[in-house]
Amino acid sequence: MQSARFEDLGGPHGTLNADALRADARRESFGLLALLSPGLLLVFTVIIVPIGWLFWLSLYDETGALSAANYARFFEQASYIRTFITTFKVAFFVTGACVLLGYPLAYMLSQLPRRAASICLIFVILPFWTSVLVRTYAWLVILQRKGLANSWLIDLGVISQPLPLANNFAGVIIGMTHIMLPFLVLPLYASMKTIDTDCLRAGMNLGASPAATFRQIFFPLSLPGLASGVVIVFVLCLGFFVTPALMGGGKVIMWAMRMEQTTSLYSNWGAGAALGVVLLAVTLALLGLFQWLLGARATGVWSSR
Amino acid sequence: MEGSGAEALLRSVCAMNDPEPREMLLSIAPSALPIGISGIEKRFGGVSVLRDLSLDVAAGEFLTLLGPSGSGKTTLLMILAGFVRANFGSIKVGGEEIITTPPHRRNIGMVFQNYALFPHMNVFHNIAFPLKQRRVSAADTAERVEKALDLVQLKGLGERRVDQLSGGQRQRVALARAIVFEPRIVLMDEPLSALDKGLREHMQIELRNLHRRLGMTTVYVTHDQREAITMSDRIAVMNAGRIEQIDRPEVLYARPQTRFVAGFIGDSSFIPVECRNGSVWYEDRKIRMAAMAPSSGSHLMVVRPEKLRLVTDAEPSGSVNVLPATVGDVIYQGDSFVCYAVLRDGQQVTLRDYCRSDVLAKLPRPGEPVNLGIDAEDVVLVAAD
Amino acid sequence: MTRISCIHSLALAGLLASAAVPAMAADTITVASWGGTYQEAQTKAFFKPTADALGITIKEDTTNGLDDVRLQVTGNAVKWDITELGADECARGSKEGLFEKLDYSVIDKSGINPKLVHDDWVGISYTSVVLIYRTDVFGDKGPKTWADFWNVEKFPGRRALSGSQATETLSVAALAEGIPIDKVYPVDIDGALKSVDKVKGHIDAWWTSGAQAMQLVKDGEVDMASIWNGRAGTLKKEGAPVAFSFDQGVLTADCMVIPKGSKNKDIAMKALAKFVSPELQANLPLYVDNGPANEKAFETGKIPPERIKDINSAPENVKKQVLQDPAFWRDTLVEATEKFNNLVQQ
């Protein structure tokens, strides 16, 4: 724009300036490219190339011939589809549980004074510093038939028969919810902190009860944070391994576990690679869907009616 | 804002003088109610923010709370709105006690400093929000929002997103939202502080105009004395949790009752004087004053720069007091000049006058001795601290 | 295959180059096994004595199985000179050509079950799949046979079977149908699957690791389970209220191989010969419950007589058990496992 205006001036000085400006712009974009290149190179070598490779491998069968056998297997063997459905079911329930537990928690944190909130946040983040394996075993100790939860409930006379909490679907959901919760709470808390207190005051001032203010103002404004938390949790769930492997009692087989089984069962990498490709494709499709659904919702305007 | 702003300014100025103002823009004119604030006390932790504060606002009055930051003016506004609960005291609106009423049942409109528009709603839904809470029908809502938009000169912008608006436009939306439900009272918390100077001055006139047309009782908070003087029916000057003085702007300016008020509103020099037996003495000079002089004690004479003028006579004549001084510096400002002078006891005073040719001809030079005259009418005394 | 190898070599050469054993260290070999107490026992029984006898250094590593070997061999980045595998993995890897040929003029194969002696792999030890039950639930009247385990009316209680080792669970399922131990192989896979189908609704956990099986029984999460004898022995030693026997056990062999491309093949051969020799084989039961693959070990007199009855590969115990046939599973593993997964995973 600037250079165009100089060109309009014409004359030798005009072109001189225009040339200098163009050279400046070129230098600047080269400079930016140079700054970017280490990152781009890294992304290319550790993400793009291996994924391309994975896809390439998935196209070869055990004899090394180009074939769709690795993908055809999903339809020939019923267990793959079931595993796939289980994976989504688990991700769905865990995400739901995280929202139900995480939203009130994040809300409470956002309402606390800064000092108290940062202390509470440490307790939210603390589990991050413990290995997932250890935490999952701890849940096993608590939830199994003769575990803490059941023995206390029986001692208290609440139940007479132990509840089936471990080595099944419920166990996987409980264990994974615990591990995923911070991934939801942190972005949600961050977005709640940015909500202007005056907006809530304005809501009340304009005649909305505290509940209505929450529903019509706070909740919609917290949606972007909730959306990113939900996406993070859901996507992480899809690839989860340790907790379902330990808490599922072999009855809840998720996609990542299936990958491990398939990789050791078949002598070609393609068998496992195909599973990875499918998970990646589905995850990307889901991200696109979330973007389409929630992105517009979170940033755009919609009728409040 | 540039072109349209000037046009809008012109329109609103015209509207001010319009013999037939568009009075009934809103279907029902809000019935203004008086506010009676008495004995309000607010402590945060151990710190008193408001001390035994009482104040009456007449129905339909535009009252401004003016004071430096930390004077408690915003806290008082928050107590009025119901966001902050007072430790003691009572607030009556039209005789009805509201001190324990939750904010959403107070029916008080408020314009926030940062507008507090709902970013997830468009302009229409922002303004319709209070109507929706009151279960106004959709058709009625649309009509009233349209009228409110028209009133704040934003016709046709209902579908705009909040982040697509300029600062001035946001301000208007906030205003429309605060009055669309015809509240009994409107509170404004430094609503113009985020605007640039030109727009701010324009909005001052527009707000004032709007108040005249709608006639709602308005409590306005600002730390800008010029804004307060321009807009208000009355100004309550607040300092350290107390009201120092509450008066019409011209009285407040002309007759400040405390040194704080005199210093906060307008420029002043303070000259220490002694009162003995009903007369006022500055050094060996008797000061003539129109008002009744205090019987005794040390006081300060409030001297406004524009009340001083250069006189030729060294002796007082008629009702003019004369103070001999030496010129320190003279600053030419185009339309006016400012002269800094030092009295004989070292007290510094400031004189401002317009650059009329007769004055300019006699403009003193630094170091030159001059005589400063002040009318007995303009002599104001406040208690020395 | 060549194309894939090429891709692997590209992928892995860089990754593993640093980990590869330097060629100059010819008197050092690296042996990989399963880790844990089992490998500690092997260190004492096999590795240390061999290193001392041959004057070499034996470095140790741990393996996850055939995948690791495949990764190294196809990636041209072999860092192990000897590695342990399950016998069926050895059979499959052999088919894929992942191992060096063994020189039986160096390695003395006498005393090792001929089914475990092959061109490129040799048996090293035995693990048994046994039926364990909790005595605090059943007293001494617990399920003794797999038919008992399958009989949910007579033996009510919570049950666990292996979900990851389809071959073992299918063998056990065949036994549960009343097939005599010498008729289990070749396994009628569809028949065995039908047998699994009968009991699957009563299985509370399908374990995927030895540790998990042990934990399930130890914590009383299940009342009976299939389990590896080493884990069962550990539970008993720890004082858990459990009982098990080798009756109707499924003997599975572990084997050792030299991955193709090993840089110290000759020394590895000598070391492997030592590992399978009766003298060192006899050391193994002194430290762990996994029995020696070489039955001559029982003739060395090193193993105390009262210990012999607890060893799964002792001649009397072998008679009570089914020996898993690696050659059979080499050809049927994929099909059987997929079918098993279809049945079990839902």
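## Which chains touch

No contact joins chain B and chain C, where two residues count as in contact if their C-beta atoms, placed from the backbone, lie within 7 Å. The closest C-alpha atoms of chain B and chain C lie 44 Å apart. Among the 2 pairs of chains that touch, chains A and C have the most contacts.

This is a predicted model, in which local features need pLDDT of at least 70 and side-chain atom pairs count only at pLDDT 80 or more, while totals for chains, interfaces and linings use all residues. Residues are numbered from 1 along each chain as its sequence is written, and chains are lettered from A and ligands numbered from 1 in the order in which they are written.

## Chain B against chain A

The contact takes 17 residues from chain A and 22 residues from chain B. On the chain B side, strand 6 (108-111) and helix 3 (123-133) each supply at least two residues. Helix 3 of chain B gives the most, with 4 residues. Helices (H or I, at least four residues) and strands (E, at least two) are DSSP runs, numbered from the N terminus.

By class, the side of chain B that touches chain A has 13 nonpolar, 6 polar and 3 charged residues. Here Ala, Val, Leu, Ile, Met, Phe, Trp, Tyr, Cys and Pro count as nonpolar, Asp, Glu, Lys and Arg as charged, and the others, Gly among them, as polar.

## The annotated span of chain B

An unreviewed UniProt entry places the feature "domain: ABC transporter" at residues 35-265 of chain B; such annotations may be inferred rather than shown by experiment. This span is 36% helix and 26% strand, and its end C-alpha atoms lie 25 Å apart.

## Nonpolar cores

A nonpolar core is a set of buried Ala, Val, Leu, Ile, Met, Phe, Trp, Tyr and Cys residues joined through C-beta atoms within 7 Å; buried means that 20 or more other C-beta atoms lie within 10 Å of the residue's own. The largest such core has 110 residues, and Ile127(B), Ala176(B), Leu187(B) and Ala236(B) have the most contacts inside it. Beyond its neighbours within four places in sequence, Ala236(B) is in contact with residues including Leu55(B), Leu63(B) and Ile246(B).

Another core, of 102 residues, lies apart from the largest one and includes Tyr133(C) and Ile311(C).

## Two domains in chain C

An automatic or database assignment divides chain C into domain 1 (2-125 + 254-312) and domain 2 (127-252 + 323-344). Their centres, taken over C-alpha atoms, are 28 Å apart. In chain C, 14 residues of domain 1 are in contact with 18 residues of domain 2. Helix 4 (residues 87-96) of chain C provides the largest share of the domain 1 side, 6 residues. That side has 5 nonpolar, 3 polar and 6 charged residues.

Methods:
A residue is buried if 20 or more other C-beta atoms lie within 10 Å of its own, exposed if 12 or fewer, and partly exposed in between; C-beta atoms are placed from the backbone.
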